[in-house]
Amino acid sequence: MKIGVLKEITVGEARVAMTPDSALQLQKLGYDCVIETGAGLAAGFSDETYRAAGVEIAPSSDSLWASADVIAKVRPPESTETERLGPEKTLISFFYPAQNAALLEQAKATGANIVAMDMVPRISRAQKMDALSSMANIAGYRAVIEAGNNFGRFFTGQVTAAGKVPPAKVLVIGAGVAGLAAIGTATSLGAITYAFDVRPEVAEQIESMGAEFVFLDFNESQQDGAATGGYAAPSSPEFREKQLAKFRELAPQIDIVITTALIPGRDAPKLWLADMVAAMKPGSVIIDLAAERGGNCDLTVADQKIVSDNGVTVVGYTDFPSRMAAQSSTLYSTNIRHMMTDLTPAKDGKLVHNMEDDVIRGATVAFKGAITYPPPPPKIQ
Ligand code: NAD
């Protein structure tokens, strides 16, 4: 069978779903690989590098659609792409079925099988396919780089002949995958880093990465807002007030705030309010990684950078992984390759869509003309 990779058509999307290295691995699984001309250019991979890795170059998306059995891409398909699917094709991409009900209906009607990389169950066996974590890790790293780019001073403290420079103070709110990556990056640059999360179990991880866990004096427990399964739930009003009071106390001393707080299925909680921005020093920076879901900061504008009246820069970009397209394409295409490995048990270039497999079942949102989202809970953990 043949795996085809399309050039992304979403404006500004620089990632690609296959690199020359991942193509070599896919060929070891028995597949032929084809890529649309120029699809890897924005991520730094030329047609020549693909050709050297044994990949056929399709001169247009038309020729790619005509020849590929499996279509891999990054962004959910646009309707002009979905209408080209058919019962004999499998699509693998981010899909976000909960937010894209109409797209899912359209995809189902084509009879194609759809594997949503954002629906890979978060169980140990599937970590190698966990594209959400791959992208969150990059977003957390890039958030710190973006903060540094907008902050007019060093992260690390220095004693120089021209005077003593204090270290920057960074606060990370939300210590999931992105938050932990941000903590690691900020501490490695020499900042004094603080971090807060409603899930008390992350305190140890935060401290092991060199940051200080911000404890709340709340009935000796930070449990409020922690749900089962490692995710957060909305906090009680009393807990929220304590949390906001703590942030208000910290705001005048903090130079950089990186917010990553999310609650599954809801808008991002507002945690860094306008009065906290007003209390920060001029030149401070806020990077809001929750911007796509409404933002954790009152002043965030999605996809924009603004400067507040008191000189605080607030960045609401929603495309951090695409801003590091070489790295994110490398990790994403590896996640895709691992998914293909599980879909190709005999390594003979023949896709076997085993719906008895928890990981494949969890990620499949449409199968043989039926919608298969939401999946049943996985049998194994
Ligand atoms: P996420 O993106 O859903 O949320 C980011 C963080 O925001 C979470 O840590 C959450 O607790 C925090 N948060 C929510 N409301 C908050 C508030 N009011 N104040 C402060 N923080 C708040 O999280 P994620 O990165 O997807 O990770 C969620 C969980 O999944 C974690 O337990 C993580 O370890 C786990 N995980 C497991 C696997 C695996 O086993 N394969 C892979 C990835 C993540």
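**Exercise 1.** Which helices each supply at least two residues of the shell around the ligand?

*Solution.* The model is a predicted one. Helices H6 and H7 each contribute at least two residues to the shell around the ligand. H7 gives the most, with three residues. The shell holds 29 residues, the closest being Gly174, Gly176, Gly230, Ala232 and Ala261. Sorted by class, 15 of the shell residues are nonpolar, 10 are polar and four are charged.

**Exercise 2.** Determine the span of H6 and state whether the helix is enclosed or open.

*Solution.* H6 covers residues 131-150, which is 20 residues. From first C-alpha to last, H6 reaches 28 Å, close to the 28 Å expected at 1.5 Å a residue. For the second part, a residue counts as buried if 20 or more other C-beta atoms lie within 10 Å of its own. Of the 20 residues of H6, 14 are buried, so the helix is largely enclosed by the rest of the structure.

**Exercise 3.** Describe how H6 and H7 pack, and classify the residues in their contact.

*Solution.* Begin with the geometry: the axes of H6 and H7 (residues 177-188) lie 7 Å apart, at an angle of about 40°. The crossing of H6 with H7 is right-handed. Next, identify the residues: on H6 they include Ser133, Ala136, Asn137, Gly140 and Tyr141, and on H7 they include Val177, Gly179, Leu180 and Thr185. Finally, assign classes: the contact of H6 with H7 has 11 nonpolar residues, five polar and no charged.

Conventions
Residues are numbered from 1 along each chain as its sequence is written. This is a predicted model: local features need pLDDT of at least 70, side-chain atom pairs count only at pLDDT 80 or more; totals for chains, interfaces and linings use all residues. Helices (H or I, at least four residues) and strands (E, at least two) are DSSP runs, numbered from the N terminus. The expected span of a helix is 1.5 Å times one less than its number of residues. A residue is buried if 20 or more other C-beta atoms lie within 10 Å of its own, exposed if 12 or fewer, and partly exposed in between; C-beta atoms are placed from the backbone. Axes are lines fitted to C-alpha atoms, for helices over the stretch in contact, and angles run from 0 to 180 degrees between N-to-C directions. A crossing is left-handed if the near helix is turned anticlockwise from the far one by less than a right angle, and right-handed if clockwise. Two residues are in contact if their C-beta atoms, placed from the backbone, lie within 7 Å. Ala, Val, Leu, Ile, Met, Phe, Trp, Tyr, Cys and Pro count as nonpolar, Asp, Glu, Lys and Arg as charged, and the others, Gly among them, as polar. A residue is near a molecule or strand if its C-beta atom, placed from the backbone, lies within 6 Å of it.
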